[in-house]
Amino acid sequence: MARRAAPQNAVPGLFAAPPPRRAIHDPNENAFSRFIREEIWAPEKLPGNVSIVTGVVVFAAGVFAARTWGDILVPA
């Protein structure tokens with residue numbers, strides 16, 4: 001039996017098509033605000049940003065722990 005192909009722009013049946021993103025255009029928005037909106041809080045970039053923040057926090061906690069309790073870790 002021949003298998004029928006899906007239409008060209010079809011999405012899988014398990015997932016709904018994402019809603020179209022509205023372009024936000026504010027003539028009074030400065031470059032820093034646009035960067036924060038497009039690169040930091042954008043939903044498609046949020047998982048990567050959370051990973052970076054987690055790594056920085058773990059590194060800082062390690063530095064803090066080594067500086068606070070480092071003398072306990074080294075045998076005298």
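This report describes the fold, charged contacts, nonpolar surface and aromatic pairing of a predicted model.

## Basis of the values

Local features in this predicted model require pLDDT of at least 70, and side-chain atom pairs count only at pLDDT 80 or more, whereas totals for chains, interfaces and linings use all residues. Residues are numbered from 1 along each chain as its sequence is written, and side-chain values use heavy atoms, with hydrogens and water left out.

## Overall architecture

The secondary structure of the protein chain consists of two helices and zero strands. Helices (H or I, at least four residues) and strands (E, at least two) are taken as DSSP runs and numbered from the N terminus. Helix α1 covers 31–40, and helix α2 covers 46–73.

The chain has 76 residues, of which 4% count as buried. Buried denotes under 20% relative accessible area, exposed over 50%, and partly exposed in between (1.4 Å probe, protein chains only). The accessible surface of the protein chain is about 7,600 Å², and 66% of this surface belongs to carbon and sulfur atoms. Accessible areas come from the Shrake-Rupley method with a 1.4 Å probe; for residues, only the protein chains shown count as cover.

## Surroundings of E29

E29 is placed in the segment before α1. This residue counts as buried because its relative accessibility is 18%. Not counting residues up to four places away in sequence, E29 touches R34 and R37, where contact means heavy atoms within 4.5 Å.

The side chains of E29 and R37 are also joined by a polar contact of 2.9 Å. A polar contact is a pair of N or O atoms within 3.5 Å; within protein, one must be able to donate a hydrogen and the other to accept it, and residues adjacent in sequence count only if both atoms are side-chain atoms.

## Salt bridges

Three salt bridges are counted, each defined as a side-chain nitrogen of Lys or Arg within 4 Å of a carboxyl oxygen of Asp or Glu. R37 takes part in a salt bridge with E29, with the closest N and O atoms 2.9 Å apart. R37 also forms a salt bridge with E38, for which the closest N and O atoms are 3.8 Å apart. R37 is partly exposed because its relative accessibility is 26%, and E38 is partly exposed at a relative accessible area of 36%.

Another salt bridge joins the side chains of K45 and E39 at 2.8 Å, N to O. K45 is partly exposed at 33% relative accessible area, and E39 is likewise partly exposed at 31%.

## Nonpolar surface patch

F35, I40, W41, L46 and V50 make a nonpolar surface patch of about 480 Å². The elements that give two or more residues to this patch are α1 and α2. Patches are made of residues with over 30% relative accessible area and no salt bridge: like charges are joined within 9 Å, and nonpolar side chains (Val, Leu, Ile, Met, Phe, Trp, Tyr) within 5 Å.

V50 lies in helix α2. Its relative accessibility of 49% means that V50 counts as partly exposed.

## Aromatic pair

The structure holds one aromatic pair. F64 and W69 form this edge-to-face pair, with 6.1 Å centre to centre and 85° between the planes. Rings of Phe, Tyr and Trp (its six-membered ring) pair if their centres lie within 6.5 Å; planes under 30 degrees apart count as stacked, over 60 as edge-to-face and the rest as tilted. F64 is exposed because its relative accessible area is 53%, whereas W69 is partly exposed at 46%.
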